[in-house]
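Please walk through this protein model, with the sequence and the coordinates side by side.

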Amino acid sequence: MGNPVVHFEIAGKNGESLSEFYCSLFDWNSNGNVNGIYGLDPASENEVCGHILPTTDDMPSNYVTIYVQVEDLQASLEKAESLGGKTCVPPQVIPGDMGAFAMFLDPSGNCVGLYKPND
């Protein structure tokens with residue numbers, strides 16, 4: 001089996017209204033607002049949790065990003081680049097002992113996240 005999608009982000013100018021929209025539409029549960037970020041629990045057996053967040057002036061006005069779990073962030077970025085992608089965020093440690101992430105643009109310009117949990 002391939003690498004699983006383990007997280008998602010949905011961003012827009014008004015994080016609160018987006019959170020209310022998606023929670024109402026899909027019966028998701030919000031874990032509340034922490035610094036403007038709404039944690040989501042899809043409340044299903046095969047859940048993929050995510051966040052809804054407001055965008056800032058230095059971000060695209062709207063976006064949806066998936067995060068794929070990998071064994072090696074740098075090796076995955078290098079493979080993406082060899083296939084025509086471009087690294088946009090090099091490996092970064094997530095505060096709170098939550099692993100690390102990186103991001104790349106696919107050949108069409110879609111931003112995709114990579115996630116590596118702590119060992």
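Ser 19 touches Ser 30, Tyr 38, Leu 40 and Ile 52, leaving out residues up to four places away in sequence. Contact here means heavy atoms within 4.5 Å. Ser 19 sits in helix α1. Its relative accessible area is 4%, so Ser 19 is buried. Buried means under 20% relative accessible area, exposed over 50%, and partly exposed in between, with a 1.4 Å probe and protein chains only. Helices (H or I, at least four residues) and strands (E, at least two) are DSSP runs, numbered from the N terminus.

This is a predicted model, where local features need pLDDT of at least 70 and side-chain atom pairs count only at pLDDT 80 or more, while totals for chains, interfaces and linings use all residues. Residues are numbered from 1 along each chain as its sequence is written, and side-chain values use heavy atoms, with hydrogens and water left out.

Stay with α1. Leu 25 also belongs to this helix, which spans residues 15-26. Leu 25 is partly exposed, at 48% relative accessible area. Together with Phe 21 and Phe 26, Leu 25 forms a nonpolar surface patch of about 310 Å² accessible area. Such a patch joins nonpolar side chains (Val, Leu, Ile, Met, Phe, Trp, Tyr) within 5 Å, and like charges within 9 Å, from residues with over 30% relative accessible area and no salt bridge. The areas come from the Shrake-Rupley method with a 1.4 Å probe; for residues, only the protein chains shown count as cover.

Next, the loops on either side of α1. Lys 13 lies in the loop between β1 (5-12) and α1. Lys 13 is exposed, at 52% relative accessibility. Leu 53 is 40 residues away from Lys 13 in sequence, yet their C-alpha atoms are 8.3 Å apart. Beyond four places in sequence, the contacts of Lys 13 include Pro 54, Thr 55, Asp 57 and Asn 62. Asp 27 lies in the loop between α1 and β2 (29-34). Its phi is positive, near 55°, in a residue other than glycine. Most residues other than glycine have a negative phi. Asp 27 is exposed, with 61% relative accessibility.

Asp 97 also has a positive phi, near 60°. Asp 97 is in the loop between β6 and β7. At 68% relative accessibility, Asp 97 is exposed.

Now turn to α2. Which residues of helix α2 (residues 73-82) are buried? They are Leu 73, Leu 77 and Ala 80. These residues cover an arc of only 60° around the axis, so they lie on the same side of α2. The arc is that of the directions from the helix axis to the C-beta atoms. This buried set packs against β6 (86-93), β7 (100-105) and β8 (111-116). The face turned away carries the exposed residues Lys 79 and Ser 82. At the start of α2, a side-chain oxygen of Asp 72 comes within 3.1 Å of the backbone nitrogen of Gln 74. After α2 comes Gly 84, with a positive phi near 105°.

Finally, the charged pair. The structure holds one salt bridge, a side-chain nitrogen of Lys or Arg within 4 Å of a carboxyl oxygen of Asp or Glu. Lys 116 pairs with Asp 119, and the closest N and O atoms are 3.0 Å apart. Lys 116 is partly exposed, at 21% relative accessible area. Asp 119 is exposed, with 90% relative accessibility.

Technical notes
Polar contact = N/O pair within 3.5 Å; in protein donor to acceptor, adjacent residues only side chain to side chain.
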